[in-house]
Amino acid sequence: MTRPVRLAISGASGRMGLALLNLVRDDERFELVRAVVSAQSARLGKAAYNDVSALRFTGWEDTAGIDVVIDFSGPEGLGAALDVCEATGAALVTGTTGLDAAMEERLSHAAERIAILRAANFSLGVAVLTRLLREAAAALPGWDIDIVEAHHNRKEDAPSGTALALGHAAAAGRGACLDDLAVYAREGRPGAREAGTIGFAVVRGGDIVGEHQALIMGQGERIELGHRATDRSIFARGALEAAAWMAGRAPGTWTIEDVIAAKV
Ligand SMILES: NC(=O)C1=CN([C@@H]2O[C@H](COP(=O)(O)OP(=O)(O)OC[C@H]3O[C@@H](n4cnc5c(N)ncnc54)[C@H](OP(=O)(O)O)[C@@H]3O)[C@@H](O)[C@H]2O)C=CC1
Ligand SMILES: O=C(O)C1=N[C@H](C(=O)O)C[C@H](O)C1
């Protein structure tokens, strides 16, 4: 694209939305045309920036001329963003996690007509961690795997989207499906661990940005593969890279690995 990508941000008043607003204003690849919030938002109609910029937080009243929507809102906001992308042909980049099966299916169908990129985690470090875990799970078939994640006390979904994606990668490394192996909770007397299962543990508290650890446990030894995010801007930067790459992209389901592969 020779002109700046015309970008809309869905969930613009949230933790991720504000991180994106902060980065995008100095990024010449983009023209930010909409900062979208919910109809109930305390920010609706207020200025998006504390300066001369005329941009305000709005709903989806005007959808003309948008090339890409970046969504970090929630299931409802994602649904509204998807409506707009389907109606206008804009590409969708979404990091929203905690989706139900109906939304998963809707996204798959929509990708037959528009370009959609979904990532449970837009950081480069987690992309590499995912690859390493897949490899470790394949190389150590008899070892036990648990995934531990920790996030801030406002997070609504559990386990995190990243923890689930790591679980899928570990299962794939063993030629299996996570749905057949996952153990999401242990309490009371669950009994001895069933071989081959992949367990999850969740911590919520304070202002933790996002931490993920995969424990690959053998007899007398274990491997710990982990990632600690200390600044949300890493996710925002990854989402902007994805949005620049997605502008004008053909319909389909695209991944953060596609973006990374295209850049190396
Ligand atoms: N993939 C990744 O790398 C990452 C993913 N995430 C995921 O992104 C999502 C958002 O996270 P986070 O920013 O922390 O959450 P926040 O709750 O801080 O932000 C979400 C914002 O969306 C807004 N919103 C709610 N409903 C709508 C709607 N219908 N239309 C438009 N906006 C809406 C809300 O603001 P208001 O009330 O003002 O409308 C809210 O502030 C979560 O699912 C999280 O798991 C988070 C970080 C990284
Ligand atoms: O809600 C968050 O904050 C985060 N959510 C994502 C997830 O569910 O994996 C990514 C990141 O860990 C931060």
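Glu187 is exposed, with 5 other C-beta atoms within 10 Å. The residue sits in the loop that joins strand E8 (182-183) to strand E9 (198-204). The model is a predicted one. The protein chain has 264 residues, of which 36% are buried, and its domain assignment gives domain 1 (5-122 + 232-263) and domain 2 (124-229).

**Overall build**

- The secondary structure of the protein chain amounts to 8 helices and 12 strands.
- The protein chain is as compact as a globular protein of its length, because its radius of gyration, 19 Å, is close to the 18 Å that the globule rule gives for 264 residues.
- The C-alpha trace of the protein chain spans about 60 × 40 × 35 Å along its principal axes.
- Counting contacts between residues at least 6 apart in sequence, 68% join residues at least 24 apart.
- Glu187 and Ile114 are 73 residues apart along the chain, and 44 Å separate their C-alpha atoms.

- The centres of domain 1 and domain 2, taken over C-alpha atoms, are 28 Å apart.
- Domain 1 puts 10 residues into the contact, and domain 2 puts in 12 residues.
- On the side of domain 1 that touches domain 2, helix H7 (233-246) and helix H8 (256-263) each supply at least two residues.
- H8 gives the most to this side of domain 1, with 3 residues.
- By class, the residues on this side of domain 1 are 4 nonpolar, 4 polar and 2 charged.

**The open sheet**

- Seen in order, the strands E3-E2-E1-E4-E5-E6-E12 make up an open sheet of 7 strands with parallel pairing.
- Strand E3 (57-58) and strand E12 (252-254) stand at the edges of the sheet, and each has a single partner strand, so one side of each is left without a neighbour in the sheet.
- Strand E1 (residues 5-10) and strand E2 (residues 30-36) run parallel and are joined by 6 bridges.
- Ser10 stands opposite Val36, which belongs to E2.
- Strand E5 (residues 91-94) runs parallel to E6, with 3 bridges between them.
- Leu92 has Ile116, in E6, as its bridge partner.
- In strand E6 (residues 115-118), Ala115 and Leu117 point one way, while Ile116 and Arg118 point the other way.
- These four residues of E6, Arg118 among them, are all buried.

**Ligand 1**

- There are 29 residues around ligand 1, and Gly14, Ser38, Ser41, Gly77 and Gly95 come nearest.
- Two helices, H1 (15-24) and H2 (75-88), each supply at least two residues of the shell around ligand 1.
- The shell around ligand 1 divides by class into 9 nonpolar, 16 polar and 4 charged residues.

**Ligand 2**

- Ligand 2 lies between domain 1 (5-122 + 232-263) and domain 2 (124-229), because both give residues to the shell around it.
- The residues around ligand 2 include Thr97, Ala120 and Asn121.
- Also around ligand 2 are His151, Lys155, Ser160, Gly161, Thr162 and Gly210.
- The shell around ligand 2 is made up of 1 nonpolar, 7 polar and 1 charged residues.

Technical notes: Residues numbered from 1 in each chain as written. Chains lettered and ligands numbered in written order. Predicted model: local features only at pLDDT ≥ 70, side-chain atom pairs only at ≥ 80, totals over all residues. Near = placed C-beta within 6 Å. Nonpolar A, V, L, I, M, F, W, Y, C, P; charged D, E, K, R; others polar. Domains from an automatic or database assignment. Rg over C-alpha atoms; globule rule 2.2 N^0.38 Å. Buried ≥ 20, exposed ≤ 12 C-beta atoms within 10 Å, placed from the backbone. Contact = placed C-beta atoms within 7 Å. Pairing = 2+ DSSP bridges.
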